[in-house]
Amino acid sequence: MEKISVMENTAMKNRNIKKILLVLIVIAAVLIIYSLVKAPTLKGFYQSELVDGYTIQLTIDKGEKKFIEYIDNRDVNSGTYTKNEDGSYEFNGKRQDFKIHLNHDNTFHLTIQKLNGGQPILLKNISKTPAYFTYDWDDLKKYRALLN
């Protein structure tokens, strides 16, 4: 009698351990999936590859909801932005308004009609920290004219 009771007790302990392990595996799987699917946050510094001889850059200050758009480190547009219910972002700038859709890999496309044949330009997040360029360029008009 006593042997059966000990065997039953051991079997019950093994079943409980298996249940606990199964729950832990399920929780770990859910956390891994969540981290992979989680949408990126629009913040920091985004930059394009060279396009028609220019580099497009966008600084996003998430806390202030402000942005600065640069072409070759020159401030060509700045303003505020809002996030829409559909996940897109609308930028209201001093010189130009535009809208973007942030991709899951933390990239987006920006269209500047006078560059890249008016085709969208890919910008990638290269830093979670905004970058600012404060140098006074003497050719700003030339770069700002690219937005008109």
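Start by selecting Lys65, in the loop between strand 2 (56–61) and strand 3. Helices and strands are DSSP runs numbered from the N terminus, with helices being H or I of at least four residues and strands E of at least two. The model is predicted, so local features need pLDDT of at least 70 and side-chain atom pairs count only at pLDDT 80 or more, while totals for chains, interfaces and linings use all residues. Residues are numbered from 1 along each chain as its sequence is written, and side-chain values use heavy atoms, with hydrogens and water left out.

**Stop 1: two positive phi values**

Check the backbone of Lys65. Its phi is near 60 degrees, a positive value in a residue other than glycine. Lys65 is partly exposed, at 39% relative accessible area. Here buried means under 20%, exposed means over 50%, and partly exposed is in between (1.4 Å probe, protein chains only).

Now jump to Asn106. Asn106 is not a glycine either, yet has a positive phi of about 65 degrees. Look for Asn106 in the loop between strand 6 (97–101) and strand 7 (107–110). Is Asn106 buried or exposed? Asn106 is buried, with a relative accessible area of 7%.

Show the neighbours of Asn106. Leaving out residues up to four places away in sequence, Asn106 touches Pro40, Thr41, Tyr46, Lys124, Asn125 and Lys128. A contact is a pair of heavy atoms within 4.5 Å.

**Stop 2: Asn125**

Select Asn125, in strand 8. With residues up to four places away in sequence not counted, Asn125 touches Lys43, Gly44, Phe45, Tyr46 and Asn106. Then draw a C-alpha to C-alpha line from Asn125 to Asn148. The two are 23 residues apart in sequence and 25 Å apart in space.

**Stop 3: aromatic rings**

Display the Phe, Tyr and Trp side chains. Rings (for Trp, the six-membered one) pair if their centres lie within 6.5 Å; planes under 30 degrees apart count as stacked, over 60 as edge-to-face, and the rest as tilted. The count comes to ten aromatic pairs.

Begin with Tyr46 and Phe108. Their ring centres are 5.0 Å apart and their planes are at 55 degrees, so this pair is tilted. Tyr46 lies in strand 1 (residues 44–48) and Phe108 in strand 7, so the pair ties together parts 62 residues apart in sequence. Tyr46 is buried, at 0% relative accessible area. Phe108 is buried at 0% as well.

Next, pick Phe67 and Phe98. This pair is edge-to-face, with 5.6 Å centre to centre and 80 degrees between the planes. Phe67 is in strand 3 (residues 66–71) and Phe98 in strand 6, 31 residues apart, and the pair links these distant parts of the chain. Phe67 and Phe98 are both buried.

Which residues do ring pairs link into a cluster? They are Phe67, Tyr81, Tyr89, Phe91 and Phe98.

**Stop 4: the salt bridge**

How many salt bridges does the structure hold? There is one. The rule asks for a side-chain nitrogen of Lys or Arg within 4 Å of a carboxyl oxygen of Asp or Glu. Select Asp139 and Arg74, whose side chains meet at 2.8 Å, N to O. Asp139 lies in the loop between strand 8 (121–127) and helix 2 (140–144) and Arg74 in strand 4, so the bridge ties together parts 65 residues apart in sequence. Arg74 is buried, with a relative accessible area of 9%.

**Stop 5: Lys94**

Move to Lys94, in the loop between strand 5 and strand 6. Lys94 is exposed, at 69% relative accessible area. Not counting residues up to four places away in sequence, Lys94 touches Asn77 and Ser78. Lys94 and Ser78 are 16 residues apart in sequence but 5.9 Å apart in space, C-alpha to C-alpha.

**Stop 6: the largest pocket**

Finish by selecting Pro40, Lys83, Gly87, Tyr89 and Leu102. Of the 16 residues lining the largest pocket, these lie nearest its centre. Strand 4 (74–83) and strand 5 (88–93) are the elements that give two or more residues to the lining. The pocket holds about 230 Å³ of space.

On a 1 Å grid over the protein atoms alone, a pocket is an open set of points where a 1.4 Å probe fits, with protein on both sides within 12 Å along at least five of seven lines; lining residues have an atom within 4 Å of a point. Points are joined across faces, edges and corners, and the volume is the space filled by probe spheres set on them.

Colour the lining by class: six nonpolar, six polar and four charged residues. Nonpolar covers Ala, Val, Leu, Ile, Met, Phe, Trp, Tyr, Cys and Pro; charged covers Asp, Glu, Lys and Arg; the others, Gly among them, are polar.
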